[in-house]
Amino acid sequence: MNKLSRFLLGLSLVLTCCCITAAQEKSQANQSIPRVLQITREFTKPGKAGLVHDASESAFVQAMARAKWPTHYLGMTSLSGKQRALFLTSYPSFEAWEKDSAAVQKNPALSAALEAASVADGALLDSEDQGVFVFNDELSLRPLADLSQMRYMEVSLYHVRPGHGREWNELVKMVKAAYEKGVPDSHWGMFEQVFGGDGGSYLVLIARKTLAEVDHGFQVENKQFEAAMGAEGMKKLDELVTASVESDLHQLFAFNPHMSYVLDEWIKADPDFWRP
């Protein structure tokens, strides 16, 4: 698959930005996209994924629930690439993240429970790392906050060539305009990595209710997008991709309720899934 095709795969489907908001949000309608997204990756040892890791991670969820902690997170497990789990936590600001961390340290019961869970979980892991991303509203299109009915996430990471940020911005804005014109139901959120990775890294998070949406993207939305772009637009897009995109990587994950500490509204919306 050439670079342009991989880029279109990442942006041609029904996209939505992942958002896990604090409990003080009064309703899903009032949610906004938090600015700061922290992602932890846990790579499990061979034979230590699946139910074994689910049980270990549920200890974190139970500790947070007992404390009625206001900060929530979404856990998911890989369906492609190396076996791993992702944990996405978002904050309205870096200051809010700092205050949340300080509050955890001041809560002896929660701190002790999380420490014990970390020790047990560490025995299952081969490695772990973190990345921090900031939401980019200008490069996003109608991002959605409520993922309670979603079940899968495509995580697409793009590395922009040094000195080619202008071409990258132009490229994404062209794609955005074409989707506004040709695929009116499309949504996506864009995040730029600011800590824990190479400079010029951008993340697109694609949430889906079913994997049938992947089929729909290939069979319908790609054609709608190309029609909206036109031949000259596609040629220009190809040039911008070649000039600005150094590499891109696409992975598929499944939401994991055993590893997720989500809003009460999510649980009420679908208790059979979110409260296994």
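Two strands count as paired if DSSP finds at least two bridges between them. Helices (H or I, at least four residues) and strands (E, at least two) are themselves DSSP runs, numbered from the N terminus. With that in hand, let's look around this structure. It's a predicted model, so local features need pLDDT of at least 70 and side-chain atom pairs count only at pLDDT 80 or more, while totals for chains, interfaces and linings use all residues. Residues are numbered from 1 along each chain as its sequence is written, and side-chain values use heavy atoms, with hydrogens and water left out.

## Strands side by side

Let's begin with E5 and E8: these two run antiparallel and are joined by nine bridges. One spot to look for is Val160, whose bridge partner in E8 is Val245. E8 also pairs with strand E2 (residues 73–78), again in the antiparallel sense, over three bridges. There, Met76 has Phe255 of E8 as its bridge partner.

Now move to E4. Nine bridges join it to E1, and the two run antiparallel; Phe43 stands opposite Ser127 in E4. E4 pairs with E6 too, in the antiparallel sense, over six bridges. In that pairing, Phe135 has Phe191 of E6 as its bridge partner.

Here's a handy thing to keep in mind when you look at strands. In a regular strand the side chains alternate between the two faces of the sheet.

## Pockets and a cavity

Grid points are joined across faces, edges and corners, and a volume is the space filled by probe spheres set on the points.

The largest pocket holds about 740 Å³ of space. It is lined by 23 residues, and the closest to its centre are Gln38, Thr40, Phe60, Thr89 and Leu114. Elements giving two or more residues to this lining include strand E1 (36–44), helix H2 (51–66) and helix H4 (108–122). H3 supplies the largest share, five residues.

The second largest pocket has a volume of about 450 Å³. Of its 21 lining residues, Arg41, Phe133, Val155, Leu157 and Leu203 are the closest to the centre. Among the elements giving two or more residues here are E1, E4, strand E5 (152–160) and strand E8 (245–255).

The space in the largest cavity is about 40 Å³, and its lining includes Thr44, His53, Asp54, Arg84 and Met259. H2 and E3 each supply at least two residues of that lining.

The table sorts each lining by class. Ala, Val, Leu, Ile, Met, Phe, Trp, Tyr, Cys and Pro count as nonpolar, Asp, Glu, Lys and Arg as charged, and the others, Gly among them, as polar.

| Space | Volume | Lining by class |
|---|---|---|
| Largest pocket | about 740 Å³ | nine nonpolar, nine polar, five charged residues |
| Second largest pocket | about 450 Å³ | eight nonpolar, nine polar, four charged residues |
| Largest cavity | about 40 Å³ | three nonpolar, five polar, two charged residues |

Is Ser186 buried or exposed? Buried means under 20% relative accessible area, exposed over 50%, and partly exposed in between (1.4 Å probe, protein chains only). Ser186 counts as buried because its relative accessibility is 1%. You'll find it in the loop between helix H5 (165–182) and strand E6 (188–195). The side chain of Ser186 reaches the backbone oxygen of Val183 at 2.8 Å. Leaving aside neighbours within four places in sequence, Ser186 is in contact (heavy atoms within 4.5 Å) with Leu141, Arg142 and Tyr179.

Glu180 lies in helix H5. Not counting residues up to four places away in sequence, Glu180 touches Leu141 and Arg142. With a relative accessible area of 43%, Glu180 is partly exposed. Its C-alpha atom is separated by 9.1 Å from that of Ala228, 48 residues apart along the chain.

Finally, Lys68 is found in the loop between H2 and E2. Lys68 counts as exposed because its relative accessibility is 72%. Its phi is near 50°, a positive value in a residue other than glycine.

Technical notes. A polar contact is a pair of N or O atoms within 3.5 Å; within protein, one must be able to donate a hydrogen and the other to accept it, and residues adjacent in sequence count only if both atoms are side-chain atoms. On a 1 Å grid over the protein atoms alone, a cavity is a set of points where a 1.4 Å probe fits but cannot get out, and a pocket is an open set with protein on both sides within 12 Å along at least five of seven lines; lining residues have an atom within 4 Å of a point.
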